[in-house]
Amino acid sequence: MSNIENMTYEQAYSRLEEVLRALEDKSTGLDKSLEMYEEGIALYRRCKALLDEAEMKVKKFNELGLEEDFEK
């Protein structure tokens, strides 16, 4: 497992996809599955933290009057 705390969103999401594929593989043993599950949870938390941080930045821009209509 690489240093998840330093991963970008794209890196963490890509690795999470790899972990999910491995967990869906019937040939992955129980010990390896548990290890990968724990890694997957850490990756999910990293992705969520980065998304939350980005959302807060957008809200801050909106508060400064720089609001954009992203629905267009």
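Colleague: Which residue forms a salt bridge with glutamate 55?
Modeller: In this predicted model, the closest N and O atoms of the pair are 3.6 Å apart. That counts because the cut-off is 4 Å. The partner is lysine 59.

Colleague: Is glutamate 55 buried, partly exposed or exposed?
Modeller: Buried means under 20% relative accessible area and exposed means over 50%. Glutamate 55 has a relative accessible area of 43%, so the class is partly exposed.

Colleague: How far apart are N and O in the salt bridge of lysine 57 and glutamate 53?
Modeller: Lysine 57 and glutamate 53 both lie in helix α2, four residues apart. Glutamate 53 is partly exposed, at 42% relative accessible area. The N to O distance of the pair is 3.6 Å.

Colleague: How many residues apart are glutamate 39 and arginine 15?
Modeller: Glutamate 39 forms a salt bridge with arginine 15, with the closest N and O atoms 2.8 Å apart. The pair links distant parts of the chain, helix α2 (residues 30-63) and helix α1 (residues 9-24). The separation is 24 residues.

Colleague: Is glutamate 39 buried or exposed?
Modeller: The limit for buried is under 20% relative accessible area. Glutamate 39 has 6%, so the class is buried.

Colleague: Which residue is linked with Arg15 and Glu39 in a network of salt bridges?
Modeller: Arginine 15 and glutamate 39 form a salt bridge. The network also includes Glu18.

Key:
Residues are numbered from 1 along each chain as its sequence is written. This is a predicted model: local features need pLDDT of at least 70, side-chain atom pairs count only at pLDDT 80 or more; totals for chains, interfaces and linings use all residues. Side-chain values use heavy atoms; hydrogens and water are left out. A salt bridge is a side-chain nitrogen of Lys or Arg within 4 Å of a carboxyl oxygen of Asp or Glu. Helices (H or I, at least four residues) and strands (E, at least two) are DSSP runs, numbered from the N terminus. Buried means under 20% relative accessible area, exposed over 50%, partly exposed in between (1.4 Å probe, protein chains only).
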